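Biologist: I'd like to learn how to read a fold like this one. Could you walk me through a few features?

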Amino acid sequence: MFVSVGRWCARRPKRTIAAWLLLLLALGAAVALCGRVTSEAVSIPGSDSQAAADAARAFPGSASGKQPLVLHTGAGGADLTSAGARDAVAAAARNIAGVDHVVAVTTPYEGAGRAAMSADGHTAFLSVELDVTDRDITPEVTRRIVDAARPAEAAGIEVTPGGSLAAAADKGSTRHSEIIGLLAALAILWFGFRSAVAATVPLIAAVVGLGVSLSVVGLLGHLMDMPSAGSTIAAMIGLGVGVDYSLFCLTRFRELLGDGASVEDAAALTTAASGKAVAFAGCAVVAALASLALGGLPLLHALALAPGIAVLVAVAATLTLLPALFALLGRSLAPTPTAAAPVAPDAATAPGPAASDAVAPHPAVSDAAAADVSALGPVATDAAAGGGWRRVAERVARQPWRHLIGALLLVAVLAAPAAGLTFGQLDGGDKVSSTASRTAYDRLAGAFGPGVNGPVQVTDALPDPASGPTDPRVAKVTDALKDTPGVAAVGPPQLSPDGRTARWQVTPTTAPGDPETARLVHRLRESALPAATADTGRGAHVSGAPAAQLDLNDRLSRRLPAIIAFVLVIAALLLLLAFRSVVVAATAAVLNLVSVAAAYGVLTALFQQGWGAGALGLDGPVPIPGYVPLLMFAVLFGLSMDYEVFLLSAVREAYLKSGDHRGSVITGLARTGGIITSAALIMVCVFLSYLLSDDPVVKMFGIGLATAVALDATLVRGVLVPAAMILLGKANWWLPGWLDRALPRIDIEGGDHAPPPGPATEPEPGPEAEPDPEAAPPVTVRKT
């Protein structure tokens, strides 16, 4: 199939490229017409906070609730209670009421809004109600509301949007990060290929795929709650894997051209070999992301779906758009004699044991299988070019125990801070000081106390309608709330139109992200409310941002072991199918945890403990939301599989040809170390470019992913995996005969033109392989 796809696209390059461009234009037009929609709403089915939110639907109100527009004058400014300020604020309120989507504006001078005026009279807020949900509040809506408040600004009053209005205003484009990542990738590719044309091809495929995937993710926001972090993560992952996958295939294509293959044959065989490996690696990433469905949370579904779409689009572009580009550019992509392009040596000249030292092939390995097991291609041009990694491999082979223990100790040091990792809640106080969210947060906290930025809602369903706020059942809950430690204020109880549901707004004494606020939620749920409603048999529920985040983190903590176990099992099964070895599959799955653990440690040290927070553009330590480590685990485990597949493919190829387990490890690392490092460097640059974002969550993903990929491509693939394989020796390729017969044969290494290799551990010959109807015709090559 892969040969046919590659050949079809290579024969019709203009038609294939036009199809991709038309798809990109169509999706771009749809986004321009419908807009991109994001939502930070969090629903947690089966949780107490969700039960409270569902009960609150009995109350009439705007679709997005009341959004604050903060008014502030400095210490030397006019008092907001003065006549001039009142007139200016009233005029601003009238203007805002005329803005599209605004249905009501409450000023701090009205009875219902008097609590919105600070004691010193220098800070207040307007409550703005809109007829659209939070996810439909766009930066344009916020801008029009702020512009309408010009009468207040003309009177010397500073106006800052808060709540969802601020979140919309702070939605910054990550385009600058993507441009920086692309420029860094271009520099690395040009340095490797020494050809502007060759360096540009992976970027073209990656950019087209990125445009398609981001458009799809943006449109999905109309159908589901898609957090803003979803599109950012999709951009990070899509751009990184898009360049990497194209790089691996381009390297193989150039190798085939250098061996004398025709452009069409080279494109087809590249798709058959490297393209098939890319498809396998992409499916591994998607499978790891699919594990997040075990979390049972719509938020996780959205955060997994966004990068999953980006990876699938990148794979599709690699398998179709790339062969078309290869055919269109043709021989201009061929390596020149002086180019230091990272292409593979021919199998006959690949670095390996000298002829005099060669080890005879394993007796169970057929000549056909050993002749063409793998040609993924991402290797050095010759033995000298791969000399650096060959020397590393030989050094590890001489003292495998010392290198294994040393690498594990280094990882342990990096991972040590992760022992103190706890899931927390970000709030406006954790934003960059220049954002509207941070400005509004600081001003409200300074004037009304930190708890005003994260109030808690309590709802109580009554069996019979209440007579009013003084109903004994309602009054008892009101008194219990006021007497609960950690409560700064309790708003008057509100009754639904049918009188069967009561609601209170509770202001904590601490900030939304403060652990004491989480303890208050526990206190309300476990003691205060059960005691106040014990005689009626009914149950009150607690919602609001602090309660919802607490429920989210609790759910993630309980589901985390199951998700980790699922990913480990899936990864091991995929590697077992790919390499037909129980030991390789188990070892690789376990060692993939190493880079993840180190990334968690760095994440904890930099963000939760605040080491070097200033260099990241943060004012100090910030809590880590529970979904960040969980999503990072799935993404990183999938990305680790990419490099594992490319390294093990080269090792297995060498082993099937020589039967020398030690020499095959050295050869495999020498051949793949350079290209894996180059690919990882591109991905690290892409991830680090997102540190320019003002969003702490985006910074977390950038640092965490960059750290893990850097360690995975160097310490894990360059030291730990080779050392472990050398120590295990021939046991690496152990596979029980019964399991070999039961497993389907998936040839991700050779391409559709090669017969599947026989098992190295099967004592009896298996059935003869069926001829492949998709087999490509033999290619006549000339050695250069």
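This is a predicted model: local features need pLDDT of at least 70, side-chain atom pairs count only at pLDDT 80 or more; totals for chains, interfaces and linings use all residues.

Modeller: Let's begin with an open sheet of four strands, ordered 2-3-1-4 with antiparallel pairing.

Biologist: Which strands stand at the edges of that sheet?

Modeller: Strand 2 (102-106) and strand 4 (158-161) do; each has a single partner strand, so one side of each lacks a neighbour in the sheet. On average, neighbouring strands here are turned by 25° against each other, direction ignored.

Biologist: And how do strands pair in general?

Modeller: Strands of a sheet pair through backbone hydrogen bonds, and the pairing is either parallel or antiparallel. Take strand 2 and strand 3 (residues 123-130): they pair in the antiparallel sense over four bridges. Within strand 3, glutamate 129 stands opposite alanine 104.

Biologist: What lies across this sheet?

Modeller: Helix 4 (residues 83-97) lies across strand 1 (66-72), strand 2 and strand 3, and runs at about 165° to strand 2. Helix 16 (residues 436-448) lies across strand 1, strand 3 and strand 4, at about 110° to strand 4.

Biologist: Let's move on to strand 5. Which strands does it pair with?

Modeller: Strand 5 pairs with strand 8 (residues 501-508) in the antiparallel sense over six bridges. Four bridges join strand 5 to strand 9 (residues 540-543), again running antiparallel. Look at glutamine 457: glutamine 505 stands opposite in strand 8, and serine 543 is its bridge partner in strand 9.

Biologist: Is strand 5 largely enclosed or left open?

Modeller: Five of the six residues of strand 5 (residues 456-461) are buried, so the rest of the structure largely encloses this strand.

Biologist: Now helix packing. What do I look at?

Modeller: Two packed helices are described by the angle between their axes and the distance between the axes. For helix 8 (residues 175-193) and helix 10 (residues 228-258), the axes come within 11 Å and cross at roughly 15°. Angles under 35 degrees count as roughly parallel, so helix 8 is roughly parallel to helix 10. The crossing is right-handed.

Key
Residues are numbered from 1 along each chain as its sequence is written. Side-chain values use heavy atoms; hydrogens and water are left out. Axes are lines fitted to C-alpha atoms, for helices over the stretch in contact, and angles run from 0 to 180 degrees between N-to-C directions. Helices (H or I, at least four residues) and strands (E, at least two) are DSSP runs, numbered from the N terminus. Angles under 35 degrees count as roughly parallel, over 145 as roughly antiparallel, 65 to 115 as roughly perpendicular and the rest as oblique. A crossing is left-handed if the near helix is turned anticlockwise from the far one by less than a right angle, and right-handed if clockwise. Buried means under 20% relative accessible area, exposed over 50%, partly exposed in between (1.4 Å probe, protein chains only). Two strands pair if DSSP finds at least two bridges between them. Contact means heavy atoms within 4.5 Å.
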